[in-house]
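Here is a short briefing on one protein chain.

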Amino acid sequence: MLVTTDILNKANCASRLPQLSESVVLGVGLDAQTRCNHWHGPSDIIALRFKCCGQFYACHACHVELADHEPIRYRVRDDPEVYAVLCGVCSHEHTVDNYLGREGDCCAKCGASWNPGCRLHTKLYFDPS
């Protein structure tokens, strides 16, 4: 089950960790498939977990607006098996390695198409060093 939380004020994401049976996504103006006010095209349907707080946000800009701390990225070489990407259609969580290494821009579980432009922003979420 996917729960989206539209937060209009600053959030302390350290106290908003995901529950065991559902993935919680924070963001501004969220819809049911994790689109936010910043990214709301038909294929903008992923959320990303931030290493700093372990919380899923719809996008980097949502984290900047809502979190009370600076974002910390996962290091590709150190964190390849961390489940850091969430499909907004089926709620399947993907590892860093699976997301960055996949062929095509779609969910491996449900086949939903993801915005290929997201690859232009991977350095906002993942440290390649």
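Contact means heavy atoms within 4.5 Å. Leaving aside neighbours within four places in sequence, cysteine 62 is in contact with Leu26, Gly27, Val28, Cys36, His38, Tyr57 and Ala67. This is a predicted model, in which local features need pLDDT of at least 70, side-chain atom pairs count only at pLDDT 80 or more, and totals for chains, interfaces and linings use all residues. Residues are numbered from 1 along each chain as its sequence is written, and side-chain values use heavy atoms, with hydrogens and water left out.

**Confidence**
- pLDDT is the predictor's confidence in each residue, from 0 to 100.
- The protein chain has a mean pLDDT of 85, and 82% of its residues reach 70 or more.
- Over residues 7-21 the pLDDT is below 50; this stretch has 32 contacts in the model beyond near neighbours in sequence.

**Nonpolar core**
- A nonpolar core is a set of buried Ala, Val, Leu, Ile, Met, Phe, Trp, Tyr and Cys residues joined through side-chain atoms within 4.5 Å.
- Buried means under 20% relative accessible area, exposed over 50%, and partly exposed in between (1.4 Å probe, protein chains only).
- The largest nonpolar core has 32 residues, of which Ile46, Tyr57, Cys62, Val85, Tyr99, Trp114 and Phe126 touch the most other members.
- Two or more residues each come from strand E2 (23-27), E3, E4, H1, strand E6 (83-87) and helix H2 (96-101).
- E6 gives the most to this core, with four residues.
- Helices (H or I, at least four residues) and strands (E, at least two) are DSSP runs, numbered from the N terminus.

**Alanine 58**
- Alanine 58 sits in the loop between E4 and H1.
- Its relative accessible area is 7%, so alanine 58 is buried.
- Not counting residues up to four places away in sequence, alanine 58 touches Val25, Leu26, Leu30, Thr34, Cys36, Ile46 and Ala47.
- Alanine 58 and leucine 30 lie 28 residues apart in sequence, yet 7.7 Å apart in space, C-alpha to C-alpha.

**Largest pocket**
- A pocket is an open set of points on a 1 Å grid over the protein atoms alone, where a 1.4 Å probe fits, with protein on both sides within 12 Å along at least five of seven lines; lining residues have an atom within 4 Å of a point.
- About 210 Å³ of space lies in the largest pocket, the volume being the space filled by probe spheres set on the points.
- Its lining has 18 residues, and Trp39, Ala58, Cys59, Cys118 and Tyr125 are the closest to the pocket centre.
- H3 supplies the largest share of the lining, three residues.
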